[in-house]
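Here are a few exercises to work through with the model open beside you. Try each task on your own before reading its solution.

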Amino acid sequence: MERNSTAIVTGVSRGLGRAVAEALAAEGWTVVGDGRTLTGEPHDGLIPVPGDVTDSWHRVLLVETALETGRLDLLVNNAGILGPSPRPALADYPPGALRDVLEVNLLAPLALTQLALPALREHGGAVVNVSSDAAVAAYPGWGGYGAAKAAVEQCSNVLAAEEPKVRVWWVDPGDLRTRMHEEAFPGEDISDRPLPETVTPALLDLLRRRPESGRVRL
């Protein structure tokens, strides 16, 4: 993709989202970044738009802010939640908590994608949906999160078939040293996990190469 392109990246307050936003900005992108705890003024290529991606008005604002730059080339649906911590077995999973996990990890990204698609089609853009190996493997305690990510992957798969003008990649970044993984393993030392910044070169390479839509493991 060209320099001076515009991306929306959700969940840039910390972790992988922040790393992706910073990497894109360093490559000359304008990044419209979303986060519930995000603060500050536009700087270094980042336009912060604080808010919750589950709010419909906030999703509209994200797309409108991006279009004010003149174009929209990339949507990175990164924002997500783990769910209850410690992670419950499915036999004990609270239905209300599962609704929240599905709302944040599946429904909100799809709704944001729907709003962004007209501009992405126009510029031959791309959608990156952040997934997990929990979407394809049976890890005890990961049923709620894994089910949501499995649904994200199938939605991505169908979207790719329906939108030939747009690349759609569902991306597994691997186990990273993030707050979500701290919540997933409370009380454990996760310092052996790589930092989120270690996978951003692979993501940038993906954007440069523009392979066919599909599942990508960074």
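A residue is called buried under 20% relative accessible area, exposed over 50%, and partly exposed in between (1.4 Å probe, protein chains only). The model is predicted, so local features need pLDDT of at least 70 and side-chain atom pairs count only at pLDDT 80 or more, while totals for chains, interfaces and linings use all residues. Residues are numbered from 1 along each chain as its sequence is written, and side-chain values use heavy atoms, with hydrogens and water left out.

**Exercise 1.** Work out which residues of β5 are buried on each of its faces.

*Solution.* Start with the naming: strands (E, at least two residues) and helices (H or I, at least four) are DSSP runs, numbered from the N terminus. In a regular strand the side chains alternate between the two faces of the sheet. On one side of β5, Ala126, Val128 and Val130 are buried; on the other, Val127 and Asn129 are buried too. That makes five of the five residues of β5 buried, so the strand is largely enclosed by the rest of the structure.

**Exercise 2.** Find the order of the strands in the sheet and name its edge strands.

*Solution.* Count two strands as paired if DSSP finds at least two bridges between them. At the edges lie β3 (46–50) and β7 (214–217), each pairing on one side only. Next, look at the neighbours of β5. Four bridges link it in parallel to β4, where Leu74 has Ala126 as its bridge partner. Five parallel bridges link β5 to β6, and here Val130 stands opposite Val171. Finally, β6 (residues 167–172) is joined to β7 by four bridges, with Asp172 opposite Arg217.

**Exercise 3.** Check the span of helix α4 against its number of residues, then place the helix on the sheet.

*Solution.* The expected span is 1.5 Å times one less than the number of residues. For the 20 residues of α4 (residues 143–162) this should be 28 Å, and the end C-alpha atoms are 28 Å apart, which agrees. Now take contact as heavy atoms within 4.5 Å. By that test α4 packs on the sheet, touching β5, β6 and β7, and its direction makes about 160° with that of β6. Such axes are lines fitted to C-alpha atoms, for helices over the stretch in contact, and angles run from 0 to 180 degrees between N-to-C directions. Among the buried residues of α4 are Tyr145, Val152 and Leu159.
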